[in-house]
Amino acid sequence: MSKILPKGHKKLLNAWAFYDWANSVYNLTISSAIFPIFWGALTIIRDEEDNIISDTVHFLGFDFNNDSLISYVTALAFLVVSFISPFLSGIADYVGNKKNFLKFFCYLGAISCIGLYWFSLENLWFGLLCYFFGLIGFWASLVFYNSYLPDIAFPKQQDAISAKGYSLGYIGSVILLIINLIMIMKFEWFGFEDAGTPTRLSFVMVGVWWIIFSQYTYYYLPKGNKKEALTKAIIFNGFKELKMIWKALKNDLRLRRYLSAFFVYSMAVQTIMLIATYFGIEELDWGDQDATTGLIISILLIQLVAVLGAFLTSKASTKYGNIRTLITLNFIWIGLCIYAYTITTPFQFYIAAAIVGLIMGGIQALSRSTYSKFLPEDAIDTASYFSFYDVSEKIGIVIGMLSYGIVAETTGSVRNAILFLILFFVVGLFLLFRVPRSNS
């Protein structure tokens, strides 16, 4: 039984933000840290001098570059999320059970993470399916999580609570990552023969953490806005509402232009975040330094600096406005891509990681709260509005990941794919400059 609290109540806001604490362990451990390193160790063959002999994976009768294969699976998962979101949001808004959908995808993602324990080349189908459904669970749950923001917070609260959510997520995920790293790097302390078993156990711990800590959020979040019986027509209502929102955008210049800008620059932001570790594995000369340790240091640096980045961005948006702040962040991203193309040493990678952390949390939190603030004041079906937002983001990720995979496959270098992503930031900047500044 959940506890009903009024909109803007401190406990309600904190409970909503705490879901970031629960689910961000997936984003760090599976998307960014341990799984990419695990995947690299599983699929890359090296010689005695640590040079790559082969990074080819045989799957479905074809040979794939290992980075390209995982990017294609990732893109497919995001394509599925973008397709099912309209169905889900329409049902959730009309039946008034957003929380049940949030729970379902939370548990789907968490159980899939637990399933990664059995990932191996011999069980490649099963492992990739668990990875696939883990992605769907995480990102589909965010459709409903994000849609709660205008329901539980007033406009003046939204920037700060959105940033707090990301900050909690960074802190919680780092805590679990450190625990996992101690298990992996000091495996003998725990009676393991090698790092393989604790690495796989880290995937299990992500799923368990996600399920346990999300219960606090579920206790306080309301079920939804409406209470109507589920009918056949409602199943397709999400698409009808997306069509209505599309038409409404024609009369809302600010929201339309902002969403176009977000769609483009988010392609690059999300793709960089998803492939950063793979870049570090294959493109850097780690020399005598252990690559795994170096990559983990970089990821921890990103997470810790991101807390500061989300806070500073929230303050900057209050002083200078959301759109001006987003423009500045996009300029920094362009500079970062140019710098990343040139780096070859771990120290340069650490510098890039610090910059990524500073602007990653900021642009994510501010993008979400800006969209929430730009919604019509009389909007009731917020899940459908955020479904439109999330569908835009997911289709953008599909385009970004496919572009990355094709460029990496064609040129044999992740470095060239990073340079290609600058184009998305340039177009995004142009579109941001066209967003009206009033009330932003």
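**Terms set against values**

Me: What makes you say that the structure holds zero disulfides?

Reply: The structure holds zero disulfides, a disulfide being a pair of cysteine sulfur atoms within 2.5 Å. Take Cys130: its sulfur is 9.0 Å from the closest cysteine sulfur, in Cys113, and therefore too far for a bond. This is a predicted model, in which local features need pLDDT of at least 70 and side-chain atom pairs count only at pLDDT 80 or more, while totals for chains, interfaces and linings use all residues. Residues are numbered from 1 along each chain as its sequence is written, and side-chain values use heavy atoms, with hydrogens and water left out.

Me: Why is Cys130 called buried?

Reply: Buried means under 20% relative accessible area, exposed means over 50%, and partly exposed lies in between, with a 1.4 Å probe and protein chains only. Cys130 has 9% relative accessibility, so Cys130 counts as buried. Cys337, with a relative accessible area of 1%, is buried too. Across the protein chain, buried residues make up 60% of the 440 residues.

Me: How do you know that the length of helix α4 agrees with its number of residues?

Reply: Helices here are DSSP runs of H or I with at least four residues, strands are runs of E with at least two, and both are numbered from the N terminus; the protein chain has 17 helices and four strands. The expected span of a helix is 1.5 Å times one less than its number of residues. Helix α4 (residues 98–115) has 18 residues and should therefore span 26 Å, and its end C-alpha atoms are 26 Å apart, which agrees. Among the buried residues of α4 are Phe101, Leu102, Phe105, Cys106 and Cys113.

Me: What makes the largest nonpolar core a core, and which residues touch the most other members?

Reply: A nonpolar core is a set of buried Ala, Val, Leu, Ile, Met, Phe, Trp, Tyr and Cys residues joined through side-chain atoms within 4.5 Å. The largest one has 148 residues, of which Phe35, Trp39, Tyr258, Trp333 and Tyr371 touch the most other members. Helix α11 (residues 253–283) supplies the largest share of this core, 17 residues. Contact means heavy atoms within 4.5 Å, and Trp333, leaving aside its neighbours within four places in sequence, is in contact with Val269, Ile272, Val356, Ile359, Met360, Ile363 and Phe425.

Me: Why is Gln270 called buried, and what joins its side chain to that of Glu393?

Reply: Gln270 lies in helix α11, and its relative accessibility is 4%, so Gln270 counts as buried. The side chains of Gln270 and Glu393 are joined by a polar contact of 3.0 Å, a polar contact being a pair of N or O atoms within 3.5 Å; within protein, one must be able to donate a hydrogen and the other to accept it, and residues adjacent in sequence count only if both atoms are side-chain atoms. Beyond four places in sequence, Gln270 is in contact with Trp139, Gln364, Glu393 and Ile397.

Me: Why is Arg415 called buried, and which backbone oxygen lies 2.9 Å from a polar atom of its side chain?

Reply: Arg415, which is in helix α16 (residues 414–420), has a relative accessible area of 13% and is therefore buried. The backbone oxygen in question belongs to Tyr341. Not counting residues up to four places away in sequence, Arg415 touches several residues, including Phe279, Glu283, Tyr341 and Thr344.

Me: Why is Phe433 called partly exposed?

Reply: Phe433 has 45% relative accessibility, so Phe433 counts as partly exposed. Phe433 lies in helix α17 (residues 422–433) and, leaving aside neighbours within four places in sequence, is in contact with Ile327 and Phe331. The C-alpha atoms of Phe433 and Ile323 are separated by 8.1 Å, although these residues are 110 residues apart along the chain.

Me: What makes Ser82 a buried residue, and which residues does Ser82 touch?

Reply: Ser82, in helix α3 (residues 66–95), has 7% relative accessibility and so counts as buried. Not counting residues up to four places away in sequence, Ser82 touches Val391, Lys394 and Ile395. A polar atom of the Ser82 side chain lies 2.7 Å from the backbone oxygen of Leu79.
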